[in-house]
Amino acid sequence: MSSLSGKQGPRYRHVAGESEPYETIAVEKLTPIIGAEISGVDIAKLVSDEARSNRQMDEIHRALAENLVIFFRDQHITPQQHLAFGRKFGELHVHPAAPNEGDPALMKIYADKDSPRANGEGWHTDVSCDLEPPMGSILYIKQCPPRGGDTLFANMYAAYEALSDRMKAYLSGLTALHDGEQTYRGLYANYGVADKQAYPRAEHPVIRTHPVTGKKALYVNRGFTRFIIGIPRDESDAILAYLYQHAENPLFQCRFRWTENAIAFWDNRCAQHRAMWDYWPHTRSGTRVTVKGERPV
Ligand code: SIN
C-alpha cells in the first residue's frame, strides 16, 4: 500500500497557483489539489455569443490550468454545441478506435446491463499512444445511473513533486513507449466497430513539461505505457509498477459525482482519470469531445 506518511510533516506540500479572483465565473474547488466546479457559465450561450465568450473563455482556460479538471452542471447542449465548445480550445481529435455519435469527433460513452465493459475503467491518460496526444477531453453525461458511475481524477504534477529527489533525477531524460495496439484491438467489437489495421504507438518523456503552466508532470499510465526505453525490461517493470502505485495515491485525487447534463473537462497533460463501473445493471451514457494536443516534451 502506497504511503507518503512520515514523521517530518507531509512529503507533498501543495502550493496553490491561483492568481487573480475570477470575474465572469465562480470556481469552487473540490479538493486543494485537483478539481473545481464552475458556475455562472451557460455553455449553449457561450458557444454562440462572441462578446461573452472572450472574457469567460479566458477565465475557463485559467480555471483549467489551476485545477486540472473542471466541472459544469446543468448544461443543456446539442451535439453541435458540444463540438463547438471543444473547438474553442483547439482543433478536435478523432479517436483512433472508439465509436462515434454521428460526427467522427463525437465519441460515444455508453454502458448498460449488456455491456461487456465500460469506457475508461483503469487509470489512464486519453490516447497517450498518439504522437501528439489530446490536450483535453470534454465529457458530457446525459444519462446517469441512480448511484455510482463517478469519475476519479489524479494530479500528475503532485505525483511528480512527491517523488524523491533521487527518483526525479533517475527519471529525468527517460522516455517510454505508449502503445495503442494492446489497448484498442478488439476493444469496441461489441459496438460492431471493425479493428483498424494498426493503432498508434509513440515514445514520450516519462516526465513532461506542461506547455501552458511550465510545470513538470509524471507522464506514464497503466492504459498505454508499456516500458521505459533504454533500461532492462525487469527494471522498467519495477519502476513503472512503483510509479503507477505512487500516482494512484488518493492524496492526489478528486472524485466527481455526476448528475445528468453535467460536463467534466480535464487536461490530459497533467491529469489521469478512471471511471467507476459500479452501477451495473443501470445505464450511463454521454458523449466526449477531445481536443488535439502537442507532442510532449
Ligand atoms: C473516459 O475515459 O473518457 C471515460 C470517462 C468516464 O466515462 O467517466
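A polar contact of 3.4 Å joins the side chains of Y184 and H95 in this predicted model, a polar contact being a pair of N or O atoms within 3.5 Å, of which, within protein, one must be able to donate a hydrogen and the other to accept it, with residues adjacent in sequence counted only if both atoms are side-chain atoms. Local features require pLDDT of at least 70 and side-chain atom pairs pLDDT 80 or more, whereas totals for chains, interfaces and linings use all residues. Residues are numbered from 1 along each chain as its sequence is written, and side-chain values use heavy atoms, with hydrogens and water left out.

Y184 is found in helix α6; helices (H or I, at least four residues) and strands (E, at least two) are DSSP runs numbered from the N terminus. The relative accessibility of Y184 is 4%, and Y184 therefore counts as buried (under 20% relative accessible area; exposed is over 50% and partly exposed in between, with a 1.4 Å probe and protein chains only). Apart from neighbours within four places in sequence, Y184 is in contact with H95, P96, A97, V127, C129, D195, Y199 and F224, where contact means heavy atoms within 4.5 Å. Y184 and G9 are separated by 175 residues in sequence and by 43 Å in space, C-alpha to C-alpha.

T287 lies in strand β16 and is buried, with a relative accessible area of 13%. The side chain of T287 makes a polar contact of 3.1 Å with the side chain of H82. With neighbours within four places in sequence left aside, the contacts of T287 include H82, E101, L106 and M107.

The largest pocket has a volume of about 400 Å³. On a 1 Å grid over the protein atoms alone, a pocket is an open set of points with protein on both sides within 12 Å along at least five of seven lines, a cavity is a set of points where a 1.4 Å probe fits but cannot get out, and lining residues have an atom within 4 Å of a point. Grid points are joined across faces, edges and corners, and a volume is the space filled by probe spheres set on the points. Among the 26 residues lining the largest pocket, R117, N119, G120, E121 and H124 are the closest to its centre. At least two lining residues each come from β5 (106–111), α6 (180–184), β15 (271–275) and β16 (284–291). The lining of this pocket has twelve nonpolar, nine polar and five charged residues (nonpolar: Ala, Val, Leu, Ile, Met, Phe, Trp, Tyr, Cys and Pro; charged: Asp, Glu, Lys and Arg; polar: the others, Gly among them).

Two cavities of 30 Å³ or more are present. The largest cavity has a volume of about 70 Å³, and β5 gives the most to its lining, with three residues. Eight nonpolar, one polar and two charged residues make up that lining. The second largest cavity holds about 50 Å³ of space; β5 and β16 each supply at least two residues of its lining, which has six nonpolar, four polar and one charged residues.

The structure holds zero disulfides, a disulfide being a pair of cysteine sulfur atoms within 2.5 Å. The sulfur of C144 is 16 Å from the closest cysteine sulfur, in C254, which is too far for a bond. C270 is likewise in no disulfide, and its nearest cysteine sulfur, that of C254, is 12 Å away. C144 counts as buried at 15% relative accessibility, and C270 counts as buried at 1%.
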